[in-house]
Amino acid sequence: MNTPIYQSALGSDFARLQPELQEYFALAPGSGHYGVGEGVFDVVGCRQAWLRPLLRLTTGEQAFFPEYGEGIPFRIENHAHLDPFGRSSLTARREIFFPENTRLFQDTTSFDDSGRSPGLVDYVGRFRRLVTDLNLSVTAEGRLRGVSEASRLFLGPLRIPLPAALDAKAYAEQWWEPQEGGRHRIQVKVIQPQIGLVLVYAGHFDYRLEPYPGGTASPGYLPGYARPDGWERRV
């Protein structure tokens, strides 16, 4: 299935997105191209200083990070592909250029139709061990909104659902801003009910498509540097 995953998830609502967002989310496996976004985060990271030492312990997962900054440049690559299990997927690899170091944040979002309710499943981090369901909607203005639902951890053979009291939810919104020649904007907040805001990033970026070297157009192709250290089939 080579349909763009966001189109599969939204159905007819996909046509209600701003045209620039439809173009952004139209990347499909086998297109021979990947997306590159470059811009600046107005704010990014963990605002709560007391929480940063805990987040420092998770940096090896390439999902959370302890830094906080304003006016921080970043780069994102979007790769549409079939995952090893044949699901249409989008792998995102983000580089965030803090003054003291560069942090990587990566995930793979797959359209899964193996259960009763087909939809998007997001596998977060270099080992893809943290998994959440994504609930998407389109605003009256044509913006895309996403909320992460129930999360679970996969540790070896164990599947560990996170209870609601511990689970952190991500609230995301992306839109096209026509001012100053036009640019994409994104805002994401990760909130844990017991401690509040864990992570925030909000900013703007320009976006373009680049061809894969050698004209590669295999639906299963994903560059080596963008591949995770582990794949997870379970949902």
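**Asking why: contacts, burial and pairing**

Me: Leaving aside its neighbours within four places in sequence, which residues is Arg-183 in contact with?
Reply: Setting those neighbours apart, Arg-183 is in contact with Trp-175, Trp-176, Glu-177, His-204, Phe-205 and Asp-206. Do keep in mind that this is a predicted model. Arg-183 itself sits in strand S10, which covers residues 183–192.

Me: What makes the pair Arg-183 and His-204 a polar contact?
Reply: The two side chains come to 3.5 Å.

Me: Happy with that. Why is Asp-167 called buried?
Reply: Its relative accessible area is 9%. You will find Asp-167 in the loop between strand S8 (158–161) and strand S9 (169–177).

Me: What does Asp-167 touch there, beyond its neighbours within four places in sequence?
Reply: Its contacts are Glu-149, Ala-150, Ser-151, Leu-162, Ile-191, Gln-192 and Pro-193. With one of them, Ser-151, the side chain of Asp-167 makes a polar contact, side chain to side chain, at 3.0 Å.

Me: And why is Ile-195 called partly exposed?
Reply: The relative accessible area of Ile-195 is 32%. Buried needs under 20% and exposed needs over 50%, so Ile-195 falls in between and is partly exposed. Ile-195 lies in the loop between S10 and strand S11 (196–211).

Me: Now to strand S4. Why is S4 described as mostly covered?
Reply: S4 spans residues 102–112, and nine of its eleven residues are buried. For each of those nine, that means under 20% relative accessible area.

Me: How do you know that S4 pairs with S3 and with S5?
Reply: Pairing takes at least two bridges. S3 (residues 88–97) and S4 have nine, in the antiparallel sense, and S4 and S5 (residues 119–124) have six, also antiparallel. Both therefore meet the requirement. As examples, Thr-91 has Thr-108 in S4 as its bridge partner, while Thr-109 stands opposite Asp-122 in S5.

Me: How many residues lie between the strands of each hairpin?
Reply: Four between S3 and S4, and six between S4 and S5.

Notes:
Residues are numbered from 1 along each chain as its sequence is written. This is a predicted model: local features need pLDDT of at least 70, side-chain atom pairs count only at pLDDT 80 or more; totals for chains, interfaces and linings use all residues. Side-chain values use heavy atoms; hydrogens and water are left out. Helices (H or I, at least four residues) and strands (E, at least two) are DSSP runs, numbered from the N terminus. Buried means under 20% relative accessible area, exposed over 50%, partly exposed in between (1.4 Å probe, protein chains only). Contact means heavy atoms within 4.5 Å. A polar contact is a pair of N or O atoms within 3.5 Å; within protein, one must be able to donate a hydrogen and the other to accept it, and residues adjacent in sequence count only if both atoms are side-chain atoms.
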